[in-house]
Amino acid sequence: MITRRKDYSKSEPTKDASKIYIVCEGKGTEPDYFGFFEGLSSNLELIVIPPEEGTDPLKLMELAERILLGDTRKHTIDYLQRDKIWFAIDTDSWEKEGKIAPLRDFCKDMNARITEKYSEAKPYEAWNVAQSNPCFEVWLYYHHYADRPDKEDVEEQPSVKAYVNKQIAGGFDYQRDPARLQDAIDNSEKNYTQQDNGNPDWFATEQFLLGKEIMGFVKTEVRKLRNKLG
């Protein structure tokens, strides 16, 4: 059995460490999950930004503008260092309410502006969306399971979260289970399908894209921790 915080001491990021900013809907689940990877590599500074004045995609977009771009910003994006910004969002009712497409358009617009404002910077996808349908717990599910579940089985439970907690004995362990990152990447990518509008189908998630970004920095450490799980 591993306990993340005991098995590895936290590494302070170097001056030239790449930054990944994760703007998320949840104040508990997502920060608990991504916090596992903080300090695993001195080459990565992972900064989780939880919601403040609302959880819908448009509120998260406003939050990112204020914290990352505004005059009173708390962080500075370094495009020359190829910093990344990811919005980790759920589908929920946001899709029907038309609140996801504007966020995706915002990211495209911000990416197009990089070389306009910073001539030294090379074009890259700095601003990104990782959407889960219907919620982030779909990503947690794929840490343990290789196949998409039967929809009727899921709907027998009060919520997707309840279903996932029932499927994983003892519930998802945020101190240990994130070490299954490569499993989650492989499983969720294999099961990924999308709608005509580009959004994920039911029980599909784009989180594997963000997972790959993180794994690129912490592969060695995560593999060691994963091996301890058996």
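Helix H3 (residues 57–69) lies across strands S1 (18–24), S2, S3 and S4, at about 160° to S3. Contact here means heavy atoms within 4.5 Å, and angles run from 0 to 180 degrees between the N-to-C directions of axes fitted to C-alpha atoms, for helices over the stretch in contact. Helices (H or I, at least four residues) and strands (E, at least two) are DSSP runs numbered from the N terminus. The model is predicted, with pLDDT of at least 70 needed for local features and 80 or more for side-chain atom pairs, while totals for chains, interfaces and linings use all residues. Residues are numbered from 1 along each chain as its sequence is written, and side-chain values use heavy atoms, with hydrogens and water left out.

The five strands form an open sheet in the order S2-S1-S3-S4-S5, with mixed pairing. Strands S2 (44–49) and S5 (204–205) are at the edges with a single partner strand each, so one side of each has no neighbour in the sheet. Two strands are taken as paired if DSSP finds at least two bridges between them.

S1 and S2 are parallel and joined by six bridges, with Ser-18 opposite Leu-44 in S2. From S1 the chain passes through helix H2 (residues 29–35) to S2, in a right-handed β-α-β crossover; with the strands pointing away from the viewer, such a path runs clockwise from the first strand over the helix to the second. Because five of the six residues of S2 are buried, this strand is largely enclosed by the rest of the structure; buried means under 20% relative accessible area, with a 1.4 Å probe and protein chains only.

Strands S3 (residues 84–90) and S4 (residues 127–133) run parallel and share six bridges. Ile-85 stands opposite Trp-127 in S4. Helix H4 (residues 101–117) lies across S3 and S4, at about 160° to S4.

Terms used: Buried means under 20% relative accessible area, exposed over 50%, partly exposed in between (1.4 Å probe, protein chains only).
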